[in-house]
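Trainee: I'd like to learn how to read strands and helices in a model. Can you walk me through one?

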Amino acid sequence: MSVVERMRPLLGTFVTIRVEATADITQAHVESAVECAFRAISRVNRLMSFHRRSSDIGRLNRARPGACLRVHSWTYQVLREAQRLWHWSGGAFDCNVGVPLMRSGLLPKATGGYVCRRHRPCAAAIHLRHNRTVRLNTRVALDLGGIAKGFAVDKAVEALLSHGVKCGLVNAGGDLRVFGSDSQPVWVRRPEDPTRVQMIGALTNGAVATSASYYTGTSRPGEATASAIVDTTCGRRVSMTSSVSVIAQTCMLADALTKIAILKGRLPAHFARHAHARIVTL
């Protein structure tokens with residue numbers, strides 16, 4: 001069996017896709033499958049990017065209260081999952097966090113039009129109606145950065161599987177999903193020295209995502225640094241010295257559950273059971 005590996009800059013990071021070309025499918029077919037997987041990731045970026053005015057999220061963030069906007073089924077699916085996680089986490093997971101991230105310079109202000117004087121959680125700020133329509137109850141500054149990258153990885157894996165690829169991985173800057181019979185080692189950057197990595201185990205037919213503050217601050221190694229995760233109870237970014245990885249069945253859940261685990265200081269038992277998830281802290 002030969003291995004096909006491709007890398008592209010997407011989602012603000014580098015995305016790697018590696019698959020095995022088995023005897024029952026040709027090399028050209030595998031190349032086509034990989035191309036479709038990259039297209040799926042690009043589509044998620046076009047639909048859900050905070051930076052793009054024309055994305056579904058860009059349109060929602062510029063719309064006035066009372067407006068109803070129809071969004072793509074993928075955006076609707078992620079928003080619905082975000083609201084579900086908000087309820088399940090007791091309000092800890094919230095995607096209406098664009099304002100504090102803009103104030104701290106982690107998100108651009110140029111996309112404009114935000115007048116969010118008082119924070120309202122995503123579950124109250126938007127109402128998901130039938131036919132993929134979203135009604136705004138207030139001005140919003142939605143940011144799906146805490147969940148959409150994992151969703152993009154899942155969509156890429158779906159594309160590969162639909163083309164008959166049986167074994168491989170998709171890695172979007174550490175949001176990793178592995179499928180097939182072969183296990184893959186999982187390496188995580190060490191928080192005190194992000195130039196070094198540590199293996200935390202091997203993964204088969206599952207996903208892992210990691211949240212940390214390696215690149216969101218300028219403090220010295222070992223000091224707490226403000227991450228890109230916002231505690232909406234105080235409107236401030238969470239400072240952390242460690243990294244938190246969550247292993248789950250899907251990359252979307254793994255991605256979102258790292259934020260919940262950090263905000264709540266643990267991974268709630270009902271989440272762990274539902275997602276077959278476990279946590280690794282360095």
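This is a predicted model: local features need pLDDT of at least 70, side-chain atom pairs count only at pLDDT 80 or more; totals for chains, interfaces and linings use all residues.

Trainee: What holds strands together in general, and which residue in S13 is the bridge partner of Ala209?

Mentor: Strands of a sheet pair through backbone hydrogen bonds, and the pairing can be parallel or antiparallel. Here, Ala209 has Val246 in S13 as its bridge partner.

Trainee: What is the order of the strands in the open sheet?

Mentor: Follow S1-S2-S6-S7-S10-S13-S14: that's an open sheet of 7 strands with antiparallel pairing. At the edges sit strand S1 (2-10) and strand S14 (278-281), each pairing on one side only. Going from one strand to the next, the twist averages 15°.

Trainee: Which strands does helix H6 touch?

Mentor: Helix H6 (residues 148-162) packs on the sheet and touches strand S2 (13-21), strand S6 (168-172) and strand S7 (175-179). The direction of H6 makes about 25° with that of S7. Helix H7 (residues 251-264) packs on the sheet too, touching S7, S10, S13 and S14, and its direction makes about 35° with that of S10.

Trainee: How do I describe the way H6 and H7 pack?

Mentor: Two packed helices are described by the angle between their axes and the distance between the axes. For H6 and H7, the angle is about 165° and the axes are 7 Å apart. An angle over 145 degrees counts as roughly antiparallel, so that's how H6 and H7 lie relative to each other. Their crossing is right-handed.

Trainee: Which residues meet where H6 and H7 touch?

Mentor: From H6 you have Ala148, Lys149, Gly150, Phe151, Val153 and Asp154, and they meet Cys251, Met252 and Asp255 of H7. Sorted by class, this contact has 5 nonpolar, 1 polar and 3 charged residues.

Trainee: Back to the sheet: what happens in the hairpin of S1 and S2?

Mentor: S1 and S2 are antiparallel and pair over 9 bridges, with Ser2 opposite Ala21 in S2. The hairpin has 2 residues between the strands, and Leu11 takes a positive phi near 60°.

Definitions and conventions. Residues are numbered from 1 along each chain as its sequence is written. Side-chain values use heavy atoms; hydrogens and water are left out. Two strands pair if DSSP finds at least two bridges between them. Helices (H or I, at least four residues) and strands (E, at least two) are DSSP runs, numbered from the N terminus. Axes are lines fitted to C-alpha atoms, for helices over the stretch in contact, and angles run from 0 to 180 degrees between N-to-C directions. Contact means heavy atoms within 4.5 Å. Angles under 35 degrees count as roughly parallel, over 145 as roughly antiparallel, 65 to 115 as roughly perpendicular and the rest as oblique. A crossing is left-handed if the near helix is turned anticlockwise from the far one by less than a right angle, and right-handed if clockwise. Ala, Val, Leu, Ile, Met, Phe, Trp, Tyr, Cys and Pro count as nonpolar, Asp, Glu, Lys and Arg as charged, and the others, Gly among them, as polar.
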